[in-house]
Amino acid sequence: MTIAEIAEQTIPFALKLNGKFRNTQTRTGALISGPSGWGEFAPFPEYGDEVCAKWLAGALESAFGTFPAKLRSSVPVNSIIPILNVEQTISAVEAAVNVHGMTTFKIKVADSTPDSLASDELRVKAVRTTLDRLGIEGKIRIDVNGQWNLEQAMQAIPILEQAAGGLDYIEQPCSTIAELIELKNKMQSWTQPIQIAVDESLRLASSVDVDEIRSAADILVVKAIPLGGVQRALDLITEIGLPAVVSGSLDTSVGLSSGIALAASIPHLYGACGLGTGTLFAEDLVTPTTLPTDGELIVRRASPDAHLLATAAAKVSGSDRLWWQERIVRAWQSGANDLVSPSVKEAVEQ
């Protein structure tokens, strides 16, 4: 089966989200079926072919390859709080605690508006006061997605740290490694430096400088599919040697299987993982949606429900289906063919 034939047989999908995420309320992607199961190829529309190559390698691993051995049967999960208003934030926290048993919260901040910091402070404070009201000690993390420069980070971190009553860590406060290293160095003079976690510095880098990552970060936030698959992500964690948590990439329950497999295979998991993204979907490809119970997810793979997949596929136009097929071929030619394992490559090129 050639990559062109695999592309022709993929099933693009479109699913509604519960709210706006990355400026969209629809999650699009394509499912690839193989002898090992289903893989999900869903890089965001703005990503170029070289970035897409990693996502395709991750999807093909799931469809044609094998996952590393699991070391645990369940993984702890944090709640993800998008940029909502205060009332919506409070409701999201209550649901996360009361319905899913989650006690660690990652709050998206820094929406680039002029009053972003003031709004973020109110939202972070709302999470803490809601947890206090519910009698939950809990942990709060913030995810900046690289939107601060060094000066903005130095201003915002103490404000949000106080609002949170203590931060577990800050995820990708600045976009460049140089800024992260300088920020980390400046915080060493603080009574209580805040841990820095990196995501984009790993995920979007054309090559990873291990020494620089060690100098810039305290924690790795690792996403299985965008890094080229579970095994490649695990190898990277081992090479860098920092504590790691696993996060999703706005995956459906099918794609989430890769992240769960990675979290299950890491010897020393830092803490709750960002794999509770099922709460962000109004529709899914699986019944029931993969959601945490008592703050944890059972380690298992999900396969799409035929009816749900057909419904989601029917929302994709013919031109968009062709776009996904062409994107898969380009991603393969742009590097995925060199990222997959020999057995996967053989399966694809036979």
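1. Two strands are said to pair if DSSP finds at least two bridges between them. Strands (E, at least two residues) and helices (H or I, at least four) are DSSP runs, numbered from the N terminus. Under this rule, strand 7 (residues 139-143) and strand 8 (residues 170-171) pair in the parallel sense over 2 bridges. Within strand 7, Ile 142 stands opposite Ile 170 in strand 8.

2. The model is predicted, with pLDDT of at least 70 needed for local features and 80 or more for side-chain atom pairs, while totals for chains, interfaces and linings use all residues. Residues are numbered from 1 along each chain as its sequence is written, and side-chain values use heavy atoms, with hydrogens and water left out.

3. Overall, the chain contains 13 helices and 12 strands. Its radius of gyration is 20 Å, close to the 20 Å of the globule rule for 350 residues, so the chain is as compact as a globular protein of that length. This radius is taken over C-alpha atoms, and the rule is 2.2 Å times the number of residues to the power 0.38. Along the principal axes, the C-alpha atoms fill a box of roughly 60 × 40 × 40 Å.

4. Of the 350 residues, 54% are buried, where buried means under 20% relative accessible area, exposed over 50%, and partly exposed in between (1.4 Å probe, protein chains only).

5. An open sheet of 7 strands has the order 5-6-7-8-9-10-11, with parallel pairing. Its edge strands, each pairing on one side only, are strand 5 (79-81) and strand 11 (244-246). Strand 5 runs parallel to strand 6 and is joined to it by 3 bridges; Ser 79 stands opposite Phe 105 in strand 6.

6. How is strand 6 covered on its faces? In a regular strand the side chains alternate between the two faces of the sheet. On one side of strand 6, Thr 104, Lys 106 and Lys 108 are buried, and on the other Phe 105 and Ile 107 are buried as well. As 5 of the 5 residues of strand 6 (residues 104-108) are buried, the strand is largely enclosed by the rest of the structure.

7. Ser 116 lies in helix 4 (residues 116-133). The residue is buried, with a relative accessible area of 9%. Not counting residues up to four places away in sequence, Ser 116 touches Ala 110 and Asp 111.

Notes: Contact = heavy atoms within 4.5 Å.
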